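I am opening a notebook on a structure that is new to me. I will write down what I look up, entry by entry.

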Amino acid sequence: MIYYFSGTGNSYAAAKKLADGLGEDLMDIAAAVKEGNYEHKLENGEKLGFVFPVYAWAPPKAVTEFVKNLELYYSGDPYIFAVCTCGGSAGRTMDIFEDALEENGLTLDSGFSVVMPDNCIVLFDAEKEEESAEKLAKAEKTLDNILRAIKLNWSDFFRVKKGKFGGVLSTAVNPAFVKGMKTKSFYVTEDCISCSQCERICTSGCIEMTAGKPIWTEDTCNMCLACINRCPVTAIQYGKKTAKRGRYVHPIYQKQNGEMNE
């Protein structure tokens, strides 16, 4: 089983590639949380994987909370791995995730980071198409190497790009990011076509359509930025700067859902 969390498709694409290569099933963490589905029975020889993005040099809180509450049934010692996708460096993301696993009595055998295009357009402009394409091509090769390592059950094996000052970024910058990112800065323009896609794809279920327009609930947002990046008409904005910035959606989501990458 491979559990994944994804807002704009990077982690889903990575998880699907690994699941296809390993012959494992996929489970969306956001969907599992909404359904209250925390139980899973591991069959003999079944691997357990987690794939998720890096948010300001740490795992999404939704991921660590899910792992802490996961109820697994198994015999023997299952092989457990994790892959985090990031725009540049991961900081202490894997260490933080490993701590969450250990709180649930689980041991991480291997961990990896994969550099992919950044989707955090509330802070930065989207990367140019050429740069994104180059990152995605390199990511495919990285995932091929990760797949080989997992198939061989490499234990106590970690290849994570922490980056310079990774520890400081995870322990100091991440809390500031989480505190500063508020849903009150989201708003919708007159371009909104009331398609309700933002409500459907919200990973936390914090968007409600009211009079045909989305409304964000402050206390439950994952800040996955799926809504703003995947709006088909670029009607969702955050603060004053995103109107002039591009959007990012992984090609796998564009192809599956017919979404636009404005």
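The entries below go from a sheet to single residues and then to a hairpin.

Entry 1: I note that the model is predicted. I looked up the strand order of the open sheet and found 2-1-4-6-7-8, six strands with parallel pairing. Which strands stand at the edges? I found strand 2 (26–28) and strand 8 (157–159) there. Each has a single partner strand, so one side of each has no neighbour in the sheet. From one strand to the next, the twist averages 20°.

**Entry 2: strands 6 and 7.** Strand 6 covers residues 80–86 and strand 7 covers residues 110–115; six bridges join them in the parallel sense. At one position I see T85 opposite V114 of strand 7. I also checked what packs on the sheet, and found helix 4 (residues 93–103). This helix touches strand 4 (48–53), strand 6, strand 7 and strand 8. The direction of helix 4 makes about 145° with that of strand 6.

**Entry 3: T85.** I stayed with T85, which lies in strand 6. Is T85 buried or exposed? Its relative accessibility is 3%, and the limit for buried is under 20%, so T85 counts as buried. I listed the residues that T85 touches, leaving out those up to four places away in sequence: N10, S11, A14, F52, P53, V54, V114 and M116. One of them, V114, is the residue that stands opposite T85 in strand 7. With S11, T85 makes a polar contact from side chain to side chain, at 2.8 Å.

**Entry 4: E140.** Next I looked up a residue in a helix. E140 belongs to helix 5, residues 129–151. At 38% relative accessibility, E140 counts as partly exposed. Which side chain does E140 join in a polar contact of 3.2 Å? I found the side chain of K17. I also looked up E140 and T8, which are 132 residues apart along the chain; their C-alpha atoms are separated by 17 Å.

**Entry 5: a hairpin.** Last, I turned to strand 10 (residues 207–210) and strand 11 (residues 213–216). These two pair in the antiparallel sense, over four bridges. I207 has W216 of strand 11 as its bridge partner. How many residues lie between the strands of this hairpin? I found two, and A211 takes a positive phi near 55° in this hairpin.

Definitions and conventions: Residues numbered from 1 in each chain as written. Predicted model: local features only at pLDDT ≥ 70, side-chain atom pairs only at ≥ 80, totals over all residues. Heavy atoms only, no water. Pairing = 2+ DSSP bridges. Axes fitted to C-alpha atoms, helices over the stretch in contact; angles between N-to-C directions. Contact = heavy atoms within 4.5 Å. Buried < 20%, exposed > 50% of the residue type's maximum accessible area, 1.4 Å probe, protein only. Polar contact = N/O pair within 3.5 Å; in protein donor to acceptor, adjacent residues only side chain to side chain.
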